[in-house]
Structure formats: structure tokens, C-alpha cells
Protein chains: 2
Amino acid sequence: CFSSERTPNASYTNIIIMLMDDMGWGDLGVFGQPSKETPNLDAMAAQGILFPDFYTANPLCSPSRAALLTGRLPIRNGFYTTNGHARNAYTPQEIVGGISKDEILLPQMLKKKGYVSKIVGKWHLGHRPQYLPLENGFDEWFGAPNCHFGPYNNTVRPNIPVYNNSEMLGRYFEEFKIDKKTGESNLTQMYLEAGLDFISRQAEAKRPFFLYWAADATHYPVYASKRFLGKSQRGRYGDAVMELDYSVGQILTKLQDLGIENNTFVFFTSDNGAALMSGPNEGGSNGPFLCGKETTFEGGMREPAIAWWPGHIRGGTVSLQLANVMDLFTTSLALAGISPPGDRVLDGLDLTPVLFNHSHTLQSRPIFFYRGNELMAVRIGQYKAHFWTWSNSWEEFKQGVNFCPGQEVAGVTTHEQKEHTLQPIIFHLGRDPGEKYPLSVLSKEYQDALNWISTVVQKHKETLVPGMPQLNMCDMAVMNWAPAGCEKLGKCLKVPKSEPWKCEWPH
Amino acid sequence: CFSSERTPNASYTNIIIMLMDDMGWGDLGVFGQPSKETPNLDAMAAQGILFPDFYTANPLCSPSRAALLTGRLPIRNGFYTTNGHARNAYTPQEIVGGISKDEILLPQMLKKKGYVSKIVGKWHLGHRPQYLPLENGFDEWFGAPNCHFGPYNNTVRPNIPVYNNSEMLGRYFEEFKIDKKTGESNLTQMYLEAGLDFISRQAEAKRPFFLYWAADATHYPVYASKRFLGKSQRGRYGDAVMELDYSVGQILTKLQDLGIENNTFVFFTSDNGAALMSGPNEGGSNGPFLCGKETTFEGGMREPAIAWWPGHIRGGTVSLQLANVMDLFTTSLALAGISPPGDRVLDGLDLTPVLFNHSHTLQSRPIFFYRGNELMAVRIGQYKAHFWTWSNSWEEFKQGVNFCPGQEVAGVTTHEQKEHTLQPIIFHLGRDPGEKYPLSVLSKEYQDALNWISTVVQKHKETLVPGMPQLNMCDMAVMNWAPAGCEKLGKCLKVPKSEPWKCEWPH
Ligand SMILES: [Ca+2]
Ligand SMILES: [Ca+2]
């Protein structure tokens, strides 16, 4: 064990989770982006552990983020809908629901050991007052509850508020500019400053901290600050990646400047695969993987992932451990010396044995690929079985919405929800990371894989207790009309009459 | 200039070109292969320069190799056919032609400064006596003139001979075993030993050397030795890659052990894109690029490329210089201090300014994508214009031959030869390395790019003098029935009557 060779210079371990928004596995130089424009992330990998087999819990923002902070699949923590079969749901402004009070979030757990927690950037676990970060364990927040969609004219739909802690500071496109035409916005710089300031304050106070740095520049509409616009070989999306890469470098440098790098664990990943439907100027790359965001193919679920912790993690290594965002919950608790909650099923594993001995591999563990309320696929070892396939509907596809542009695998990237539960489509992801060559159902390899998979899936389904679905009801009255603090700013809008309805989810 | 900081410890520079066979851009960890099973190549990149924008001259073995050794496009050096429009041609056993005596090969040039040259592995520039390596400038050879197809029963078609210098040692599948069922063969080990032995001998004799190390384990049928079989997460193809990666490591280590690493320039690349039609067990990965071998999409033409030269090349750097295999001819001459031949057009550039100053970029230079006798596409800067598109014929496609499995870009991966000369399909490869989003012909960007491209292409076409096509005629009588040395071995076969015909090229 490498860690035992070093004496930590503090009795606690700070935790930083950097979560990108719609950044793809293939967007980092170290994962094969041809332009090689992520020198800071590539250096982070060279000093840390790269996880090429790291997954999100859902191919969409809200459920993915709920899973990260609870250590539980969205089907358990309620971040799904029952309004339509296998439909992706999230938290638009009209959503009534949010993160349930029955869930325990990572910052709530970390409080047991005196951690101060801050979220910088996008929350996305519900925007009504009771669902906001400071009501759910975070001590500080600078950012927004929703995506930076807009601009709206504040009549039918309000612009998204930006919060400092529990009061709004202004709204996107108003006080917080995003020029959709030029792509210019200083938001990433603001998020960077907020992160650096938090780190410095906690280091000075010698308090253990958890920073959840959730910058969203690579989510449509993609933005970057003036200094980075036009700098990438890849267009505007690449500019945003370069600014985020720069920011990662600044944060790691800050830790070193403060001398706390040896007691700060940093993990970098993304919330879902690149949004291929946004096109090459506003969408990223999923490298060799199939399709992207919204789908349960590898392109939707496989994420870039790097762990960094000088003095504890041996640099320049690669772990082929199957892992996912929910492991960050459990691993963070282990690093903080806190026992995980014993009253609920956790889907995350403690990765510390892998971190401290990269050749160590945890027991064979399945990765479940849900879309809404349906188990679409599962990965076990190198095998991935698809029980349901679906990209998007023919209707939508014919209108030009394409989740798999330039990719079409017959019978796999289907435009109807196609059931394969009796005879799943199975891929060997080692030989075929792109999910293009289904195993022959007549082969012994298929039968052996199916036997293995069936046992694991049966056990999972038998014991699964789905949480109360939070993403079923919508209501224009719950939107961000009058967030706390709006009075001081004179930014309160008139709340319309409440008329709730069952939300419709097209994907 | 970094090189001037060091004093070379010898007055000459050895040259090693390692050319893989059908290995794809995406097969190296450093280029994003998820299994990360190429530690030696990744380390070579970390100590050298990575070229993500490096190309071959043709998406098929023979013309690519002819271009590398002559510094000239196949359309100039004669490695093409006029039997069919835009058809790929190579050197099967029945080919009558080979490398023309009018061409000057790299080892012939290097002789001017006393270099000893050896080719290890696949030749593929013609197998009739006058076309073999020792007749074309090489001093030594261990390997074969053709691909390791077979086994044949030596009646209709002979097994491919393996040569030591100008005499055969035996034949593939006979004295040189390849077990197609298990994939076991010791050939890569034999090629490794031959390379190491040559290096040691020249180092001891203090003679400048050129080693052209052309191991072919990743060409169908893919093989590896027992020690590597089953070791990869990627199946048999991955086993072969691991053995080649190991061999690269052994060669670099040998240079260091001999203390000649500071005066040996090593370049690693591949002859064409991964052969996707061979399926996941016997074909590699082209990473995020479109299609593969046989096509002029990026997957057929973009190659992994690493330059290594301790003490002269600054390690861990990336050059975005557009470069290709023909540059290796010109660059090698520059390293040897030999003026390039002045009596012919060379397509290769001297890359030494880039090698010694990786931020240096040579003048904007076009990359031409030929398929047989047709200029299919051109890249200039980040733009690539397709004048003709074609994957393969409908007939063949319907029989299951697929050059672009799981990839279909409407109007681009066409199954007929489709002309776009009046309105080329243009991609921006920075934003869209996968060639999935054609620029709108109505955009200013399209018009500007087209103007730029048209000027360059017009100049190229106006001054182009095609060489005499070498790959037009076939004849069963010219096959490897009775190679030199067969008498001693009792391995001469009866030569059938000569009945030449115009070769047919399906692709
Ligand atoms: Ca997202
Ligand atoms: Ca080849």
C-alpha cells in the first residue's frame, strides 16, 4: 500500500469533486482527443490515476448528479419518472419535485467530521426552496439551480437565478451575461474564483472541506470567456474545454501553493456523455464509443475520470476497475473516516483499495444502465447486455434530432423502444468498445455471458425497491419567479396560478 | 533549437522506422484506446513527440510502403492501377509489377553516407526477383515479400516465402508457423530478434544504420506468440498489439543499453488505418475517425505517429503539424545530411524544424488522399474536401463486407463512387474529426475553404505527372513458386504457363 509510505500532514482529507457538464470521454487529450488541448487534465492524469472504465449513473444531468451526491441509483433516490416507459427526466423550471428529504447527501454525511461544504455551479436537484443546496447539507453555494437555458423574457418563463448561498444575486442573461451569438461569458472564471476563494479560506482556517465544483460551460449553449474564445482548434466547444482545463490547473496549483495537496483528494469527471445532438460546435466527443447523452450506449454513460492525490496515489497509472459516480459518495466517506449510512442500499463502492494499489481490482461488480424507470442494459466484466434499445423516436429523428449522428448499428441504435429481455444483445467491450459487433447468440461465449449476467440482474431486480418518483409533476407556478432575495434586488416576478400536470418526457 | 543544446556523441544519426501493418490511430493508449495496453508506446510518446495529425499516403499496404520509401505519392511512383477508377491495388502473388527501377529508395540514398540498411518483416513492393529489397538498396532482409495469407496447398497458389537476404528460408504456414485457429505464431519474436541483432552488430561496428522494422502481426490473420495470447482485454488483436508494444520497448531499451539512443532517430507509425472489415477480433481501432482501411476517410488514412530521439527531441510534446509517411523519406535524408534527389518531385517535407522545435509549424501544406488513380480528397489546414466518396460497392456490402461498420454518414460513406468535384463535401476536422457534419455549402466558411482548397488542388493537378502504373497486370506464373534458394531447401514448385491478364481490383 503506497499511502502507508507517506505520513499525511493533516489528520483530515479534503475532498474536491470536479463535475463537468456534458463533457465526453473523448474530450481529453489523454483519452484521445486529436487536438490535445487539455494539458492540465493530461498532467493531472500523469500525476494521478486514470479510470477508462468509469461511468455515470444516468445519461442526463439531474439523475446523474442526484446519484453522485446520494451514492444511489436514480431508481432508488427518486430521480426518475413513471410518466413514460424508459424516459429520461430532469429538473426543468416547471418541475415540482426535487431531492427527497429521505435521501442523505454527501455533505450531510461529511458534517459528522466537521467538513465545510460548498457547491460551485449547477445544482439541478430541484429549484424550489426546500430542494436547494443549503437545505441539503451544503454550507455555501455559488451557482444556479437549473441549466443556463434562455434568454427568456420573464413573462412565460423566468430567466434562471444565480445564487450566493440561499439568496439570488441575479439571473442568467441579465446580471450574469451569456452572449449566445459570440459564446462569450465570464461564468467559468467566476466559478473558478469562487472555488479558489473557498479553498483558501478553509485552508487558512484549517478546516476539512468538500468542494463540489460543477461548472457547466460545456452544456449547451456553450460559452467561454474572451481570453479563450477562438483559441481552440475545435471551435467554441473546444474553447470551453480549454477554459475548464485551465481552471482545473489553477485549482490544483492553488492546493500546491497552499501546501495542502497531500491532504486533498481531487476527482475529475463528467455528469453524462457528450451531447452529440448539439453538433460539432456545441457538442463534445465520446471518442470510440457509441452515441451520446440521453442514451444508455457507452457514449452516453462512459465518462472521463481522473483521481489525483499527491503522496497517496501513485502517479501515471491506469485502473481498469469498473467504477461510477456513486462510488464517489462511498469513497469520500471512507476518506473522511465516516461509516456509510446503514439503513439503505448504496450502489457506490469504496474505491480506496484501488486508489492506494492501482493493480488491485475490486470484486466483479455490475454497472447498471437505467433510462428512467427501466433497466436498459448492464455491464459485468467486459460484457454489456442490452435488454432494451432506444436512441430516440422516429418522429423526433425525422425532425433532425439525432443522438447518434453518423452512427447506426442495425437493431441496436433503434428508433423505437425495442425489447430484448428474452435474448439480450451482448457486446464484449474489450474487443468492441464501440458496441458495433453483437455476439452471436449461438456462440458459447454468448451463452456463458448471458448466464453470468442473468444471475446478477435477477438478484438486482428481486431486491430493488424503487424510490418515490420525483420527476412526474410539472407546474408553471413552481418556476423561478421569485427566488429568495428577489425583493432586495427588485427582481421578483409575478407567480402564475398553479396548474400542475404530468410532465411529458420525449426522450 | 533544443538540439543545439546537446552535443551528439557520434557524427552520424541512425534511423529506425517502425511501420505497423493495419494498426489504427486508436490502438494506442496515448491515442485513447480504452484498455491502455501499450505502456511502451505511451512511454515512447512521453519521451518524444506525438503527431496526432499524421497520415499515410494510401489506405492500403503496398502503395503506402512504396510512398514511405520513395517520398513520393503512389500516383507518382507507379503504385496504382488504371484498370478501374479509384480502385485500390496492391501486390498479391500474381502481380507482375513492383517498384520501378526509376524510383530511388531511402536505403539507396542513405548509402551515400555509408549507411547499412536492413528491412525486417513485410516488403510488399513486388515479389519478383528484381523487385526484392536487396535489389533496391537494402543490405539485409529478414521477412516476406507478401502478406501472410494462407495456408495454401502449393498447387493453385504457393505459400508465401520467408527470406533471409536474397534467398528464401522457408514458407509461411510451413517452416514459419501461424496457427490460424489459435492465433499462435512466433513471427513477431523472430522479427524482434532480427532487429535487435542488426542494431547490436552495427553499433559494435560503429556504422550508421537504417532499420526498417515492418512487423505485420496486426494484419489479418492476426497472430501473437504464446506468451501474449489471451493477455489482452481486447482479444487476439489486442494480444498482437501487446506483443508489438513489448517489441518496441525492447528495441528502445537496446538502444539505451548500447548507449546509442542519442544518435538514433526512431519513428513509429502504421501503413494504413485499422481493417474494420476484419471485425473486432482481428481488426483494430481508428478512434474517433470515420471508417478504416481501403477508404480515404480519416479512419483509413490517419495514423498513430511518434518520434523519439533522446537528447534531441523534447519529450512529452505534441505537434499539430500536418505530416505523412513521405516526410520520413525527406526527414531521414536531412538527418543523414544527404541532399534529396533533385530530378523529381518529392511529396515529403523535411520535418526536422518541427522535431527540434515542436511549436514550430511548417508552411501550410496539403495532404492528398488518393485511391488508385483518383484524388478522392484533400486536407488543408483543418479543412478536408471530398471530391469523390466511396466506401465499397453495394454488391460487396450486401455480401457482408463493411468498411464502415456501425458508421453511416448520409451522402458520405456512399456505396457507389459519387462525384462531388463541382461541389466538394467539406469538413472541419478540428470541430469534427469524425467527418460527420458537412459544412453548409451556403456558409461563408464553406466558400472560403473551397477557394483555398481549389487553388491548391488546381496547382497540384496541373503539375502532376503520373508514374507508369505498376499494378495493372497479373499472371499466375509470377507467383512465389520457385524463389531463390528453393533448390537448396527442396521447396521449388512447378511454375505454371504464363497467361497474363488485367488484374481486377474490387475496392
Ligand atoms: Ca449534463
Ligand atoms: Ca496494411
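**Exercises: calcium sites, a helix pair and some backbone details**

The site of the calcium ion (ligand 2) is irregular, with angles of 51 to 163° among its six donor atoms. Six donors count as octahedral if opposite donors are over 155 degrees apart and all others between 65 and 115. This is a predicted model, in which local features need pLDDT of at least 70, side-chain atom pairs count only at pLDDT 80 or more, and totals for chains, interfaces and linings use all residues. Residues are numbered from 1 along each chain as its sequence is written, chains are lettered from A and ligands numbered from 1 in the order in which they are written, and side-chain values use heavy atoms, with hydrogens and water left out.

**Exercise 1.** Find the residues that coordinate the calcium ion (ligand 2).

*Step 1.* Look for donors, meaning N, O and S atoms within 2.8 Å of the metal (3.2 Å for Na, K and Ca); water is not among the atoms, so sites may look incomplete.

**Exercise 2.** Explain which parts of chain A are tied together by Asp21(A) and Asn272(A).

*Step 1.* Asp21(A) (OD) and Asn272(A) (OD1) are among the atoms that coordinate the calcium ion (ligand 1).

*Step 2.* Asp21(A) sits in the loop between strand S1 (14-20) and helix H1 (39-47), and Asn272(A) in the loop between strand S9 (264-270) and helix H7 (279-282), so the pair links parts that are 251 residues apart in sequence. Helices (H or I, at least four residues) and strands (E, at least two) are DSSP runs, numbered from the N terminus.

*Step 3.* Asp21(A) and Asn272(A) are buried.

**Exercise 3.** How are H5(A) and H6(A) oriented to each other?

*Step 1.* The axes of helix H5 (residues 187-205) and helix H6 (residues 236-257) of chain A come within 10 Å and cross at roughly 10°. Axes are lines fitted to C-alpha atoms, for helices over the stretch in contact, and angles run from 0 to 180 degrees between N-to-C directions.

*Step 2.* H5(A) and H6(A) are therefore roughly parallel (an angle under 35 degrees).

*Step 3.* For the contact (heavy atoms within 4.5 Å), H5(A) contributes residues including Leu192(A) and Ile199(A), and H6(A) residues including Tyr246(A) and Ile251(A).

**Exercise 4.** Is Met18(A) buried or exposed?

*Step 1.* Go to strand S1 of chain A, where Met18(A) is found.

*Step 2.* Met18(A) has 0% relative accessibility and therefore counts as buried.

*Step 3.* Leaving aside neighbours within four places in sequence, its contacts include Trp213(A), Val248(A), Ile251(A) and Phe268(A).

*Step 4.* A separation of 6.1 Å lies between the C-alpha atoms of Met18(A) and Tyr212(A), 194 residues apart along the chain.

**Exercise 5.** Which residue does a cis peptide bond join to Pro151(B)?

*Step 1.* Start in the loop between strand S5 (140-144) and strand S6 (161-164) of chain B, where Pro151(B) lies.

*Step 2.* The partner is Gly150(B), with omega about -5°.

Key:
Tetrahedral: all angles 85-135°; square planar, octahedral: opposite > 155°, others 65-115°. Parallel < 35°, antiparallel > 145°, perpendicular 65-115°, else oblique. Buried < 20%, exposed > 50% of the residue type's maximum accessible area, 1.4 Å probe, protein only.
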